[in-house]
Structure formats: C-alpha cells, structure tokens
Amino acid sequence: MAHRVLVVEDEEDIAFPLVRTLEREGYDVEWVESGQKALDSLETSPELVILDLGLPDMDGLEVCRRAREAGYQGAIIIVTARAGELDRVVGLDYGADDYLAKPFGLAELQARVRALLRRTSAAIGGGDDEADDGLRIDVEAHRVFAGAEEVPLTGKEFEVLSILAANRDKVVSRGRLMADVWDENWYGSTKTLDVTIGRLRQKLESVGVTDRVVAVRGVGFRLEGGTPDA
Ligand code: CA
C-alpha cells in the first residue's frame, strides 16, 4: 500500500513541484495550505507530514506542537525559509523528526522522506512475530538478528539491508541504493555497491538466514523469502 504523505504549504510554486515529485515516487499525497487544515487532516493518519513554518493562519511550529499533543505519531519534516532560524528551531523541541531549509533540492527532500518512512515502517513492521529464524532488523539500535543470533554488519551493509527490507519483494534500483546509502552526489562506480551486496549475502547465508538478496539484471536488487508479515 502506498505511503500517505501530507504536504502543508501555502505557496503553490513550492507545493506543486513537491506534490508532483512525491506522487511520481508512488506516495499517496494530500496537500493543504493552512495550519488548521493540516491539523484536521491528521485524522486521516498520514505516515509523514512535510510542514512549512510560514503558514497564513498559524505558525508551523504551533501545528507541530499541537499535532504531537493530539497524539500524532507519524513523522514530521519541517521546512522553513526563515534563514538563520533553523538553528533556533532545531534547538527547541517541538517534536519534529527532521528539518530542511528552503530552498531545498527535491532530491534531498525525497531522500529525507524515504529515510523517515523507512524508519517508521521498520519500527511498525519489526515486531516479535518475525523473530523465528527470519531476519529481524532493529533500526533504532542499528543491529540485525537471525533468530537470537546477531549478524555483524558494517554501517553500509546495514543501510542497504534496511532499505531492501523496507521494500521486501520489490526491486530497489541501484541508483536509489547509491543515493540513499552513499551520497546523492555520487558519480563513481557502483562496484562499491556490488561489493557491499556480496558481503551482505555472505553474512546472511553464514547465519542461515533464508531471505535472499536477488540481483535483478540491469535494474537493482530485491530481498526475497523469509517470513513476511503473517
Ligand atoms: Ca509559507
């Protein structure tokens, strides 16, 4: 099912390309242009909110604070054009998960959105019922277990695996893995990715994990097998 994303932004020039980009990425996007509408829309439980600070009816930080007070548990990314204010905003705890200064690149925003959704869906999907001899990923702790046994992964191996696991049974393109795990400005060879995948496979096999990282020729990689959600 598509991830639901709420965009709260009063400037059409910013909202339109943003919404279009997110929709192209496959998200189910709702766009509202005021703080009150944003708070009303939270009742539909979007998984992620992209929140502008300068809204016509109320401060975005107020929206953030009220959303958390009302028990909203999804991710919130704050975007602001108030140059120099980001440090102050970040320093105060309004309950946002990430912050981005305008103008921002759409690629950067997409990367942040993916990272946050990955974190929230892994946290939701990572229950004990997956813990037989399948793979269990503790995103918060950056640790991976096969049954009770920990699989020792490097940071990059962990990142690659958690992206593949969040997209289980779907192909994740090389470009996306490179952009998310290494650097979105990466222009080098993707050999590094192949080496990382190779090591990851070895490590998973060596502890008897039945999930496999399958290469899809010319496209990317897919995590298959194991125990999907019961
Ligand atoms: Ca604005």
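The protein has eight helices and 11 strands, taken as DSSP runs (helices H or I with at least four residues, strands E with at least two) and numbered from the N terminus. This is a predicted model, where local features need pLDDT of at least 70, side-chain atom pairs count only at pLDDT 80 or more, and totals for chains, interfaces and linings use all residues. Residues are numbered from 1 along each chain as its sequence is written, and side-chain values use heavy atoms, with hydrogens and water left out.

Let us begin with the overall picture. Of the 230 residues, 43% count as buried; buried stands for under 20% relative accessible area, exposed for over 50%, and partly exposed for what is in between (1.4 Å probe, protein chains only). Among contacts (heavy atoms within 4.5 Å) with a separation of 6 or more, 55% join residues 24 or more positions apart.

Now to the sheet. Five strands form an open sheet in the order β2-β1-β3-β4-β5, with parallel pairing; two strands pair if DSSP finds at least two bridges between them.

| Helix | Strands | Angle |
|---|---|---|
| α1 | lies across β1 (4-8), β2 and β3 | about 170° to β2 |
| α3 (residues 60-69) | touches β3 and β4 | about 170° to β4 |

Which aromatic pair turns up? A search of the whole structure finds one aromatic pair. Phe16 and Trp31 form this pair, edge-to-face, at 5.4 Å centre to centre and 80° between the planes. Rings of Phe, Tyr and Trp (its six-membered ring) pair if their centres lie within 6.5 Å; planes under 30 degrees apart count as stacked, over 60 as edge-to-face and the rest as tilted. Phe16 sits in helix α1 (residues 12-24) and Trp31 in strand β2 (residues 28-32), 15 residues apart. Phe16 counts as partly exposed because its relative accessibility is 42%, and Trp31 counts as partly exposed because its value is 28%.

Finally, a loop residue: Asn167 lies between α6 (155-166) and β9 (171-173). Asn167 counts as buried because its relative accessibility is 14%.

Methods:
Axes are lines fitted to C-alpha atoms, for helices over the stretch in contact, and angles run from 0 to 180 degrees between N-to-C directions.
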